[in-house]
Amino acid sequence: MIEPAYMASTAYDLYYLVNGERYFRRSASHGVALIDAGRDSAIAWRNEAGEAGRQLWTDIVSVNMPEADGKDAVDKCRIDFRGGRFLLVTNAGIDGKVDRARRPVYRNFIRALHERLADAPEGVIRFTAGVSPTYRKAMLALGVITALLFVVTPAVLVVDLHEWQAIGPLTAGATFIWPFWKKIGTNRPHDYDPHHPPAI
C-alpha cells in the first residue's frame, strides 16, 4: 500500500491489550500511533514484529475512560471499533502496574486522541467515563452483600445483643467496605464532552 504524501504519525510508547486479552504477560506489545492521513487517518498498534493492527478513526464507535480512584491507580482508555474489536491503552508497565514515567506520555496520547475525535458528527462516537452499567450493577450487588455480612451483622450483634466483641469485626468490615463503595461512586457510568476529557 502506498502511503499518502501528507501522512504524519505520532507514536506513543504505551502498552496495550487487544480484544479479550487480560494480562500484559500475554501481550508485552507496546507502541501506539495516531496517524494523520486525511480519509485514511487511523490508530495503529505495534508488536516486536511491526504493526500488529490498525483501525480508521471512522471505525471508532466509543471511547471509555474508567475513573482512576487513587494516586497509584492505572489509567486506561478503551477504544471500541465497529465489529466488536477494541483496543485498551494504559499507562501501566509490562507488569500491569502503574508506571509513573508513562503518565505524561499517556496524558499526551489522551489529549491528542480527543483532539482528533472531538469534531466527529454528534452521535457517531460515544464518549463515556466510568464502568459499564452492567458492571456497576454487579459491583452494587457485591457491595450490598458484603455490607450486610461485614457491617450490618456485626452492628446488630453490638446494638441488639450487646456482643461487644463484634466491635472489632464491625470496624474491620467498615474499613474494608468504604474504599469499595467509594470506587462504586467514582466509577458511575456517564457521558463526557470530548473537548474536555476526564482529568488524567
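Me: In this predicted model, what is the bridge partner of Trp 45 in strand 4?
Reply: Gly 53 is the bridge partner of Trp 45 there. Trp 45 itself lies in strand 3.

Me: What makes strand 3 and strand 4 a pair?
Reply: Pairing needs at least two bridges between the strands. Strand 3 (residues 42-47) and strand 4 are joined by 6 bridges. Therefore they pair. The two run antiparallel.

Me: Why is Trp 45 called buried?
Reply: Buried means under 20% relative accessible area. Trp 45 has 1% relative accessibility, so the residue counts as buried.

Me: How far apart are the C-alpha atoms of Trp 45 and Ser 29?
Reply: They are separated by 8.4 Å. Along the chain, the two residues are 16 residues apart.

Me: Which strands are the edge strands of the sheet, and what makes them so?
Reply: The open sheet has 9 strands in the order 4-3-2-1-7-6-5-8-9, with mixed pairing. Strand 4 (50-56) and strand 9 (190-191) each pair on one side only, and they are the edge strands.

Me: Which helix lies across strand 1 (8-18), and at what angle?
Reply: Helix 1 (residues 103-117) does, running at about 115° to strand 1. Helix 1 also lies across other strands, including strand 3 and strand 8 (126-129).

Me: Why is Leu 148 called partly exposed?
Reply: Under 20% would be buried, and over 50% exposed. Leu 148 has 46% relative accessibility, so the residue counts as partly exposed. Leu 148 is found in helix 2 (residues 133-159).

Me: Which residues form a nonpolar patch with Leu 148?
Reply: Val 144, Val 152 and Val 156 do. Together with Leu 148 they have about 300 Å² of accessible area on the surface.

How values were computed
Residues are numbered from 1 along each chain as its sequence is written. This is a predicted model: local features need pLDDT of at least 70, side-chain atom pairs count only at pLDDT 80 or more; totals for chains, interfaces and linings use all residues. Side-chain values use heavy atoms; hydrogens and water are left out. Patches are made of residues with over 30% relative accessible area and no salt bridge: like charges are joined within 9 Å, nonpolar side chains (Val, Leu, Ile, Met, Phe, Trp, Tyr) within 5 Å. Accessible areas come from the Shrake-Rupley method with a 1.4 Å probe; for residues, only the protein chains shown count as cover. A salt bridge is a side-chain nitrogen of Lys or Arg within 4 Å of a carboxyl oxygen of Asp or Glu. Helices (H or I, at least four residues) and strands (E, at least two) are DSSP runs, numbered from the N terminus. Buried means under 20% relative accessible area, exposed over 50%, partly exposed in between (1.4 Å probe, protein chains only). Contact means heavy atoms within 4.5 Å. Axes are lines fitted to C-alpha atoms, for helices over the stretch in contact, and angles run from 0 to 180 degrees between N-to-C directions.
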